Amino acid sequence: MDVSQYLEIFLDETDENLQNLNTQILTLEQEPENEECIQEIFRAAHTLKGMAGTMGFKRMQNLTHDMENVFSEVRDGTIKVNSDMIDTLFQTLDALETYLKVIRETGDEGTEENQAIMKKLNDILERKGDEAPAGDAGASDKDAGSDASGDAKEDKADASSDGAGWKSIKLDDSQKEVIASAIKEGRKVFGLTIFIQNTCVLKAARAFMAFKCIEDAGGEVAVSSPSSQDIEDEKFDFEFSLIVVGDAELDDLKKDILDISEIEKVEGGPVPLDFVDQKEEASEAEAEEAAAASQEKTQIQPAPETKPQGAAPAGKGAQAPAKQGDGKKPAKSVVNHTVRVDIEKLDVLMNLVSELIIAKNSLVSASNVDGEQNSAVNEQVEYLESVTTSLHESVMKVRMVPIESVVTRFPRMVRDLSKKLGKPMELYMTGEETELDRTVVDEIGDPLMHLLRNSADHGIESAEVRKERGKPETGSIFLDAYQDGNNVVIEVRDDGNGIDVEAVKNKAIERGVVTPEQASLLSEKEAISLLFEPGFSTAKVVSDVSGRGVGLDVVKSKIEALSGEVEVKSRYGEGSTWIIRLPLTLAIIQALMVIVGEEKYAISLGSIVTIEDVQDSDIKLVQNKEVINLRGTVIPILRLRDILETPTPPKEGKNMVVIIVKKGDLQAGLVVDELIGQQEIVIKSLGKLTNKAKMISGATILGDGEVALILDTNALF
Amino acid sequence: MEENVMNEVSVAVTEDSIQYIVIRLGDEQYGIDIKYIDNILRVPGITRVPKVPSYITGVINLRGEVVPVMNLRLKMGLEDTEFTNSTRIIILRTEHQSMTGVIVDEVKEVVTLSSEQVDDVNHETNSEEVRFINGVGKYEGGLISLLNLNSVIGDSAA
């Protein structure tokens with residue numbers, strides 16, 4: 001059978017399930033009696049096994065099967081959760097992830113059997129006799145388990161009592177015509193209702209196989225309920241009904257379909273000619289029923305005897321609320337209607353929006369050139385402006401994903417680190433739901449991992465030291481994410497050792513990064529920033545966790561490549577906080593356009609604090625550097641004309657326009673010649689040739705087709 | 001504004017022959033393999049980029065993309081001159097690089113050179129110019145230095 005079209009879905013969903021298992025098992029480690037958690041684990045493991053089996057990945061299925069057995073015993077209370085078991089379970093998850101990786105790369109699961117892990121899992125099962133007999137909790141667990149299976153049986157009973165569901169298919173006029181003419185032509189027309197086992201995971205795949213089976217037998221699906229599109233999207237319960245026109249024999253077909261695995265049963269019968277006409281009455285009856293009050297139900301009930309076709313809708317109508325009652329339905333409605341879209345398609349869409357904004361900007365400048373203001377044109381241009389802005393926002397929103405997808409693996413990582421380093425520690429995360437552009441989320445994982453490893457390795461002290469310092473023995477690492485204006489801030493904080501500024505300075509001297517004289521002049525902040533220098537590592541022993549000296553400078557360059565910034569705050573003995581600040585969007589920003597000499601530059605509005613008019617006489621010299629005193633704060637002045645090596649001579653005049661920009665806590669004033677105004681700009685890469693120009697983060701195309709450079713104010717000071 | 005040089009001359013292309021666009025820099029003729037050429041433009045407005053090597057003139061807007069432009073004269077160690085009416089920008093697209101524009105004094109013609117018409121260059125002479133040359137083509141009595149685009153464009157990225 002061909003399941004390759006489901007491979008993508010399988011990979012994605014298995015990934016999610018594994019992540020979920022990781023999280024749940026972590027919880028279980030903390031709260032071994034958490035029943036909800038055990039149920040959830042069992043469910044995820046079961047789903048995993050089912051999917052692996054369906055896709056034909058036998059080894060993966062075997063491994064998950066053994067894992068599921070363990071969970072099953074845990075659920076029944078016959079095995080108690082212990083740390084050995086958790087370790088084995090994590091190993092199992094790692095092995096499953098490896099399978100998944102191999103499948104993703106090669107389309108096949110590979111040949112690794114993971115015998116050792118399977119043996120460990122089976123050992124756990126065998127040991128269950130030695131464990132204390134299940135307590136009350138176990139017993140109630142069992143009850144819950146049998147309850148669940150009872151539910152399942154009821155469900156099945158419901159389904160079968162529904163009878164031949166195909167009789168209740170609603171037909172539209174054209175379908176009626178097709179069926180009627182087929183019957184008149186003497187072709188075989190019959191209805192089929194196919195029930196899929198309610199444990200089936202890839203329902204759509206099964207349905208697809210049933211369709212294929214019918215086609216192979218020379219049949220043609222004339223009508224399906226729900227529609228074939230809905231079936232493909234898995235928008236159906238565990239049954240679907242078809243009306244088939246063709247040459248196939250009903251009994252053969254039923255047998256063939258039953259041969260497909262996970263098909264519960266097939267019901268069917270020939271469609272009589274009057275079915276088409278009867279349907280109208282049936283739908284009328286339904287309409288009546290809907291219109292009538294519920295007490296009339298009893299009157300409709302006897303109807304089946306006289307009007308057999310009408311029975312099905314009536315029965316169904318009565319059943320729907322009952323089904324909702326058993327609590328299964330609400331769970332399903334939680335699932336959002338989503339479409340998986342290739343990220344490349346979104347990129348194309350984003351590029352088109354960018355083009356549109358450039359075109360809009362051209363239109364704006366063209367409509368202003370004429371001098372003569374045409375109010376109708378202006379109105380339309382403004383309307384266009386608001387539409388393009390909304391369009392941009394919508395597309396950005398589509399590209400936003402919660403950072404959850406990268407951070408969920410961290411608790412597990414910290415747990416492993418804690419074991420490996422022999423230091424007790426906990427990770428607390430908040431704001432996992434904070435959203436960022438997909439491309440940023442994909443890139444942010446590694447830097448965050450580096451910082452967390454850094455905190456775990458260098459930050460958190462050993463339990464003994466912590467005790468001496470009067471801290472709780474278990475170290476805490478926090479990962480907090482939140483939105484702050486047009487930025488997203490991610491903080492990695494620990495209550496560990498903090499940064500030893502003297503150690504950093506000594507190391508820097510040793511490494512030749514600074515001379516001893518320079519070091520003595522460094523402020524604490526400047527010294528800490530030495531950590532981000534390439535090839536710097538203060539760990540005295542190089543461990544395989546961190547301390548290869550590649551960590552922090554890589555973190556910094558990666559974050560900066562995303563137009564973000566990193567900052568450290570630390571207090572020796574109390575802990576450190578690493579603050580990552582990232583822009584919400586990468587492609588289109590609001591910018592202030594300025595003129596320096598005869599050239600136009602764009603400065604991101606996000607980094608601008610204020611714009612000031614400054615007199616020449618307000619500028620003072622401190623240590624030979626120009627500064628201004630702005631409402632009590634001394635701010636260094638940077639003349640863009642000098643920094644940008646502007647070729648045209650400076651203008652005469654006593655007043656200067658100074659743009660105050662910020663970088664973290666630092667501020668600086670940029671002197672420009674003229675302000676143009678605020679504009680939405682599309683960021684374009686400058687290309688390889690010019691990437692040496694660090695202070696230029698990109699370029700943009702203005703309304704008149706001219707290229708303006710975007711200043712990276714962070715690189716200026 | 002764009003010139004379609006390629007259609008002006010139709011030449012028979014055989015398997016071991018390569019088509020080159022012949023350009024002029026000062027008094028010398030150079031050939032650029034036609035497969036790398038995306039476009040030939042008159043000089044549009046160029047935006048200067050600060051703090052880059054002097055041979056990089058700046059960036060231009062090419063159909064909504066920002067493309068860096070280098071002055072081939074400066075890159076080859078020749079003197080800079082004013083742009084004239086025949087100055088052109090050739091937009092190159094090499095395998096590993098994105099688009100790059102080079103400013104040349106003049107675009108002359110398209111020639112087809114078979115492998116017999118191309119001589120190797122003696123690379124022992126370590127002059128600046130030879131680094132950028134792949135070979136020398138003989139065509140109708142004249143000599144055409146065939147540019148090694150990877151070293152012309154690639155070097156500057158390092």
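**View 1. Strand 10 and strand 11 of chain A run antiparallel.** Strand 10 of chain A pairs with strand 11 (residues 575-583) of chain A in the antiparallel sense, over seven bridges; strands count as paired if DSSP finds at least two bridges between them. Look for K569(A), which sits opposite T577(A) in strand 11 of chain A. Strands (E, at least two residues) and helices (H or I, at least four) are DSSP runs, numbered from the N terminus.

This is a predicted model, in which local features need pLDDT of at least 70, side-chain atom pairs count only at pLDDT 80 or more, and totals for chains, interfaces and linings use all residues. Residues are numbered from 1 along each chain as its sequence is written, and chains are lettered from A and ligands numbered from 1 in the order in which they are written.

**View 2. Five strands of chain A form an open, mixed sheet.** Their order is 6-8-9-11-10. Strand 6 (425-430) and strand 10 (565-571) of chain A each have a single partner strand, so one side of each lacks a neighbour in the sheet.

**View 3. Helix 1 of chain A has a buried side to explore.** Helix 1 (residues 7-30) of chain A spans 35 Å from first to last C-alpha, close to the 34 Å expected for its 24 residues, the expectation being 1.5 Å times one less than the number of residues. Its buried residues include F10(A), N17(A) and L28(A); buried means 20 or more other C-beta atoms within 10 Å of a residue's own, with C-beta atoms placed from the backbone. Among the elements covering them are helix 2 (35-54) and helix 4 (83-106) of chain A.

Methods. A residue is buried if 20 or more other C-beta atoms lie within 10 Å of its own, exposed if 12 or fewer, and partly exposed in between; C-beta atoms are placed from the backbone. Two residues are in contact if their C-beta atoms, placed from the backbone, lie within 7 Å.
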